[in-house]
Amino acid sequence: MCRHLAYVGEPVRLADLLLTPEHSLLRQSWAPRDMRGGGTVNADGYGIGWYTGDPEPVRVRRPAPMWTDAALPGLAGSVSSGGVLAAVRSATVGMPVVETACAPFTSGRWLFSHNGLVRGWPSSVAALAARLPVTDLLLMDAPTDSALLWLLVRSLLSTGVAPAKAVASVVTDVAEAAPGSRLNLLLTDGSTIVGTAWTHALWVRALPGAVVVASEPYDDDPGWHEVPDGHLVTATPSSVDMTRLGDP
Ligand code: GLN
């Protein structure tokens with residue numbers, strides 16, 4: 001399963017968040033500690049989105065292993081941001097290895113990522129997809145489960161549904177339509193992170209003036225706390241709330 005991480009708070013250098021920690025996302029791309037449900041490395045691409053002061057984030061995605069991008073250390077060493085969502089991808093069997101399948105997905109002020117898979121894709125969720133405007137489906141980033149999950153979340157956000165409610169309702173609907181799915185989602189607008197732990201690990205760590213939510217801790221600090229399976233976490237630099245969604 002892919003690995004992902006979201007951060008909001010005091011500006012941090014992307015390199016200090018994603019590359020240099022002992023068990024950084026970069027290291028997780030070739031040596032993850034906690035892969036479940038198939039896959040050994042996360043080498044099918046990566047993506048980083050970050051906020052610069054404008055409401056809309058900047059996003060970079062590449063369809064190649066994170067460790068092969070010679071431009072990344074220079075970029076990440078020169079950019080600081082107070083809101084980041086990054087992911088490394090291990091493509092699910094049958095899904096294309098292309099730039100547009102890499103998280104984070106974005107629209108307006110949102111960044112979104114999915115760690116996991118939808119069982120029985122695509123027929124299991126065809127009825128949910130049919131609720132979306134056909135133009136959304138025609139223009140979806142890639143023919144993958146993650147891209148569809150993003151369309152479902154985005155469609156609720158666009159009608160004014162609160163972020164935590166939008167994420168919770170998509171997880172609940174998809175879990176019902178496609179039992180056994182792994183649905184660890186991350187959504188941020190650069191100020192708040194909403195995440196779900198649904199049959200895969202998710203960790204949260206409060207830092208001075210910041211908070212980070214990630215598939216795997218990026219170091220061995222005892223300040224990391226695991227989000228219990230079947231729970232949703234809403235995190236800001238000053239608060240971490242967990243609510244139960246149900247039994248995966
Ligand atoms: N199923 C998604 C994809 O193929 C996510 C993969 C993962 O979490 N390993 O992109």
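This is a predicted model: local features need pLDDT of at least 70, side-chain atom pairs count only at pLDDT 80 or more; totals for chains, interfaces and linings use all residues.
Buried means under 20% relative accessible area, exposed means over 50%, and partly exposed covers what lies in between.

**Salt bridges**

There are 10 salt bridges in the structure. Asp-173 takes part in one of them, with its side chain meeting that of Arg-131 at 3.6 Å, N to O. Asp-173 sits in helix α7 and Arg-131 in the loop between α4 and α5, so this pair ties together parts that are 42 residues apart in sequence. The arginine end is out in the open: Arg-131 is exposed, at 62% relative accessible area. Elsewhere, salt bridges with shared partners link Arg-205, Asp-219 and Asp-221 into one network.

| Asp-16 | Arg-13 | 3.0 Å |

Take the Asp-16 and Arg-13 pair to begin with. Asp-16 is partly exposed, with a relative accessible area of 36%, and Arg-13 is partly exposed too, with 33%.

Is Arg-61 buried or exposed? Its relative accessible area is 6%, so Arg-61 is buried. Asp-141, on the other hand, comes out at 32% relative accessibility and therefore counts as partly exposed.

**A helix pair**

Two packed helices are described by the angle between their axes and the distance between the axes. For helix α6 (residues 145–158) and helix α7 (residues 163–177), that angle is about 135° and the axes are 9 Å apart. That makes α6 oblique to α7. The cut-off matters here, because an angle has to be over 145 degrees to count as roughly antiparallel. As for handedness, α6 passes α7 in a right-handed crossing.

If you plan to check torsions, a few spots deserve a look. The peptide bond from Ala-103 to Pro-104 is cis, with omega near 5°. Pro-104 is part of the loop between β4 (80–88) and β5 (105–107). Another cis peptide bond joins Trp-121 and Pro-122, where omega is about -5°. Pro-122 is also a loop residue, placed between β6 (110–117) and α4 (126–129).

Which residue has a positive phi although it is not a glycine? That is Thr-199, with a phi of about 70°. Thr-199 is found in the loop between β8 (193–197) and β9 (203–207).

**A nonpolar surface patch**

On the surface, Trp-30, Val-41 and Trp-67 form a nonpolar patch, and together they have about 290 Å² of accessible area. Val-41 lies in the loop between α2 (25–30) and β2 (46–50). With a relative accessible area of 31%, Val-41 is partly exposed.

**Loop residues and their distances**

Some other loop residues are worth a stop. Pro-96 is in the loop between β4 and β5, and its relative accessible area of 25% makes it partly exposed. Pro-96 and Leu-14 are 82 residues apart along the chain, and their C-alpha atoms are separated by 27 Å.

Arg-109 is in the loop between β5 and β6. At 42% relative accessible area, Arg-109 is partly exposed. How many residues along the chain lie between the positions of Arg-109 and Pro-57, as a separation? They are 52 residues apart along the chain, with C-alpha atoms separated by 6.3 Å.

Tyr-51 is in the loop between β2 and β3. Tyr-51 counts as buried, because its relative accessibility is 9% and the cut-off for buried is under 20%. From Tyr-51 to Leu-85 the separation is 34 residues in sequence and 9.3 Å in space, C-alpha to C-alpha.

Definitions and conventions:
Residues are numbered from 1 along each chain as its sequence is written. Side-chain values use heavy atoms; hydrogens and water are left out. Helices (H or I, at least four residues) and strands (E, at least two) are DSSP runs, numbered from the N terminus. Patches are made of residues with over 30% relative accessible area and no salt bridge: like charges are joined within 9 Å, nonpolar side chains (Val, Leu, Ile, Met, Phe, Trp, Tyr) within 5 Å. Accessible areas come from the Shrake-Rupley method with a 1.4 Å probe; for residues, only the protein chains shown count as cover. A salt bridge is a side-chain nitrogen of Lys or Arg within 4 Å of a carboxyl oxygen of Asp or Glu. Buried means under 20% relative accessible area, exposed over 50%, partly exposed in between (1.4 Å probe, protein chains only). Axes are lines fitted to C-alpha atoms, for helices over the stretch in contact, and angles run from 0 to 180 degrees between N-to-C directions. Angles under 35 degrees count as roughly parallel, over 145 as roughly antiparallel, 65 to 115 as roughly perpendicular and the rest as oblique. A crossing is left-handed if the near helix is turned anticlockwise from the far one by less than a right angle, and right-handed if clockwise.
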